[in-house]
Amino acid sequence: MKYVDSGCGKIPFMSLVAILSISLTVNLPGLAISPIMGKLNEVFSHVSDLEIQLLTVLPNLVTIPFILCSGKICNQRNQIYILGIGLALYTLTGVLYFFADSMVELILLSCLLGVGCGLVIPLAASLISQYFVGKERTRQLGMKSSLSNFTVIFATLFVGWIASVSWHLAFVVYMIPIIPLCLIPYMTSTYIEKHKIDNPTPPPYSPLKEPETRPEDVVKAKVLKRPLTVNFHFRGGIALVLLAGVMGMYFIMTYSTEVVSYYLPFTMEHYHLGTGDVGVATAMFFASATVSGFFLTRIIAVFKSWTMQVAIFLCFVGLFTVGFIHVYASYIIGVFIMGLGYGIVQPVIYDKTSYLAPTAAKSTEYFAYLLTCNYIGISLVPFIVSSMKRLFEAQGDPNFSFIFNGCVVIVILVVAFIKRRSFVINVDKNSYTVPVGQER
């Protein structure tokens, strides 16, 4: 049997494959609809544009409450059952799409799709955090991020091709959950614990319990009136405060970069570039995010405690490149750079969330909160940008969304330099700081 290092021993390679396979499903809701919107307008010529847009929006909206539900009800004993139910619903929906011939049926199936996906999403990251620690956890979270972004590229291209045969066939991408569904036996704690190989000299911490700061360090920090350096799992109120900070960072960075999906087509078409050019440029974002995830540990090894600042800076450069330079090559380069930055931020945020969770149940719950922020950030992009356009009287400016979000990222970059040793920004687990008196 082939094994893989978990940071605290070795687990079966098939268990890692099974856990990572969940990531193939998390970005799919609404995806099959986007490339065939024009086709659906022809097929359902009697329905409004709003009804067709609901097929894209509804899965993401319905997903949000069920992400929170999954986080609340999951525990060590039932998480695999909940995962199985979510994947089964997901797969069943993919099958039923082949038989849907009315807009009402498609809308109802979109809601059911959101239910299944919402139950699954938190567990994609939570299971990694439960079985991996240290650099191995960071590496696997990077792989998770890469696989989810790669699926977007593959599915978008596949749907665009297969829909030319039949619009029903576009929904075959919603059958991907059958892969992790078949691999569930390899994810169970019974299978993993039975085949796990412990380190002969185990580290002084477990995946979900790392060493606490010594009492004398707390006293010394208070006497010297300086921040307390910590290297343990934060608990109680401070853990929730830090989680809120991580969620805020994830929300802002997701919102800032998601303008690519919403506004890049309008911007490029304004400068007389075709839909094919738009498709390639959009794919560059997910392609570069995939690259960042695959090489995350090497990137961190190079930039060390400045990793987050570099990632945020890349997002800023990408946004301003798209906002100020209007040739095809600049769009490709700008979106690619932006994707590199976001591809670093996303798994690092996942890793920090893992570090805050003291138990397996809390891990799933914390990831549910975090990923809810992600979907809210995606959903609010058009509302925030539209409001800012009205405020600054820039309704006719096709570049406003990129320039405004670039300015938002500049502010975050300044904060990242000022708070470079804070838990939210720093990637060095041995030099986090929190204010004295809040260490518990």
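**Exercise 1. The chain as a whole**

How many helices and strands does the protein chain have?

*Solution.* The model is a predicted one, in which local features need pLDDT of at least 70 and side-chain atom pairs count only at pLDDT 80 or more, while totals for chains, interfaces and linings use all residues. Residues are numbered from 1 along each chain as its sequence is written, and side-chain values use heavy atoms, with hydrogens and water left out. The protein chain has 17 helices and four strands, where helices (H or I, at least four residues) and strands (E, at least two) are DSSP runs numbered from the N terminus. Of its 440 residues, 54% count as buried, a word that means under 20% relative accessible area, with exposed meaning over 50% and partly exposed lying in between (1.4 Å probe, protein chains only).

**Exercise 2. Helix 5 and helix 6**

Describe how helix 5 and helix 6 are placed relative to each other, and name the residues in their contact.

*Solution.* Two packed helices are described by the angle between their axes and the distance between the axes. Here the axes of helix 5 (residues 103-131) and helix 6 (residues 134-162) come within 9 Å and cross at roughly 160 degrees; such axes are lines fitted to C-alpha atoms, for helices over the stretch in contact, and the angles run from 0 to 180 degrees between N-to-C directions. The two helices are therefore roughly antiparallel to each other, the term for angles over 145 degrees. From helix 5 the contact (heavy atoms within 4.5 Å) takes Ala124, Ala125, Ile128 and Ser129, and from helix 6 it takes Arg137, Gln140, Leu141 and Lys144. Sorted by class, this contact has four nonpolar, two polar and two charged residues, where Ala, Val, Leu, Ile, Met, Phe, Trp, Tyr, Cys and Pro count as nonpolar, Asp, Glu, Lys and Arg as charged, and the others, Gly among them, as polar.

**Exercise 3. Helix 11 and helix 15**

Repeat the steps for helix 11 and helix 15.

*Solution.* Begin with the axes of helix 11 (residues 259-270) and helix 15 (residues 328-356), which come within 12 Å and cross at roughly 170 degrees. That angle makes helix 11 roughly antiparallel to helix 15. Next, list the residues that meet: Val260, Leu264, Thr267 and Met268 in helix 11, and Tyr328, Tyr331, Val335 and Met338 in helix 15. By class, the contact of these helices has seven nonpolar, one polar and no charged residues.

**Exercise 4. Serine 292**

Is serine 292 buried or exposed, and which backbone atom lies 2.8 Å from a polar atom of its side chain?

*Solution.* First locate serine 292, which lies in helix 12 (residues 275-294). Its relative accessible area is 1%, so serine 292 is buried. The backbone atom is the oxygen of leucine 340. Leaving aside neighbours within four places in sequence, serine 292 is in contact with Ile299, Gly339, Leu340, Gly343 and Ile344.

**Exercise 5. Two loop residues**

Where are lysine 304 and glutamate 393 found?

*Solution.* Lysine 304 is in the loop between helix 13 (296-303) and helix 14 (307-324), and with a relative accessible area of 53% it is exposed. Although lysine 304 is not a glycine, it has a positive phi of about 50 degrees. Glutamate 393 has its place in the loop between helix 16 (360-391) and helix 17 (400-418), and it counts as exposed at 71% relative accessibility. Glutamate 393, which is not a glycine, has a positive phi of about 50 degrees.

Definitions and conventions: Parallel < 35°, antiparallel > 145°, perpendicular 65-115°, else oblique. Polar contact = N/O pair within 3.5 Å; in protein donor to acceptor, adjacent residues only side chain to side chain.
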